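Subject: Structure handover

Hello,

Here is the structure you asked about, with the sequence alongside. Please open both before reading on.

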Amino acid sequence: MIAMKSLCILGLVLLSLAATQAQVLGGVSQLEGASRKEALELLDATLAQLATGNGPSYKALNVTSVTGQVVAGSLNTYEVELDNGSDKKQCTVKIWSQPWLKENGTNIKIKCSGDDGELDRTW
């Protein structure tokens, strides 16, 4: 009986240690290092792609925060200052990427402070 209790306690301790060490799927995490660099490259590439269609032309000036989340692909959220050539605005940009999809694998949403609407494009 004591051996069984000890085994259960050991299992709970190991499980709690594993939970604190691993990122939870679907959980949001601040991106740093190489992951942040990849996310910033994705932001630049997605803004460039947006400009080639019927969307506005934005350039990211100052990125203050980048988070990532694994949700049937990856969802990156950026707090960023965007420049459209005439105005600079503080915005939240969300890029949902599903690279295995041939069509509609990228969605970008841009919501800027002071604007009523939200830009929402998929390609």
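Below are my notes, going from the whole chain to single residues.

Confidence and overall make-up

This is a predicted model. The mean pLDDT of the protein is 87, with 80% of its residues at 70 or more. Where pLDDT is low, the predicted coordinates should not be read in detail.

The protein has 2 helices and 6 strands, and from the N terminus the elements run α-β-α-β-β-β-β-β. Of its 123 residues, 27% are buried. The accessible surface is about 8200 Å², and carbon and sulfur atoms account for 57% of that. Among contacts with a separation of 6 or more, 39% are between residues 24 or more positions apart.

Strand pairing

Strands β3 and β4 run antiparallel and are joined by 10 bridges. One of the pairs is Glu-79 with Thr-92 in β4. These two strands form a hairpin with 4 residues between them, and Gly-85 in the turn has a positive phi of about 100°. On to the next pair: β4 and β5 are also antiparallel, with 7 bridges between them.

The disulfide

The count is 1 disulfide. Cys-91 and Cys-112 form it, with their sulfur atoms 2.0 Å apart. A disulfide is a covalent bond between the sulfur atoms of two cysteines. The link of Cys-91 and Cys-112 is right-handed, with 95° about the S-S bond. Cys-91 lies in strand β4 (residues 88-97) and Cys-112 in strand β5 (residues 106-112), 21 residues apart, and the pair links distant parts of the chain. Cys-91 also stands opposite Cys-112 in the strand pairing.

The nonpolar core

The largest nonpolar core has 19 residues, of which Leu-43, Leu-82, Val-93 and Ile-110 touch the most other members. Two or more residues each come from α2 (33-52), β2 (59-70), β3 (74-83), β4 and β5. Helix α2 gives the most to this core, with 4 residues.

Leaving out residues up to four places away in sequence, Val-93 touches Leu-43, Asn-76, Thr-77, Tyr-78, Val-80, Leu-82, Ile-108, Lys-109 and Ile-110.

Single residues

Thr-67 is in strand β2. With 14% relative accessibility, Thr-67 is buried because the cut-off is 20%. Apart from residues up to four places away in sequence, Thr-67 touches Val-28, Ser-29, Gln-30 and Leu-31, and also Leu-75, Asn-76 and Thr-77.

Glu-118 sits in the loop between β5 and β6 (119-122). Its relative accessible area is 47%, so Glu-118 counts as partly exposed, the class between 20% and 50%. Setting aside neighbours within four places in sequence, Glu-118 is in contact with Lys-109, Ile-110 and Lys-111. The C-alpha atoms of Glu-118 and Val-93 are 9.8 Å apart, and the two residues are 25 apart along the chain.

Two backbone angles

Most residues other than glycine have a negative phi, and most peptide bonds are trans.

Ala-72 is in the loop between β2 and β3. Ala-72 has a relative accessible area of 53% and is therefore exposed, the limit being over 50%. Asn-104 is in the loop between β4 and β5. At 48%, Asn-104 falls below that limit and is therefore partly exposed.

Regards

Definitions and conventions:
Residues are numbered from 1 along each chain as its sequence is written. This is a predicted model: local features need pLDDT of at least 70, side-chain atom pairs count only at pLDDT 80 or more; totals for chains, interfaces and linings use all residues. Side-chain values use heavy atoms; hydrogens and water are left out. pLDDT is the predictor's confidence in each residue, from 0 to 100. Buried means under 20% relative accessible area, exposed over 50%, partly exposed in between (1.4 Å probe, protein chains only). Contact means heavy atoms within 4.5 Å. Accessible areas come from the Shrake-Rupley method with a 1.4 Å probe; for residues, only the protein chains shown count as cover. A disulfide is a pair of cysteine sulfur atoms within 2.5 Å. A nonpolar core is a set of buried Ala, Val, Leu, Ile, Met, Phe, Trp, Tyr and Cys residues joined through side-chain atoms within 4.5 Å. Two strands pair if DSSP finds at least two bridges between them.
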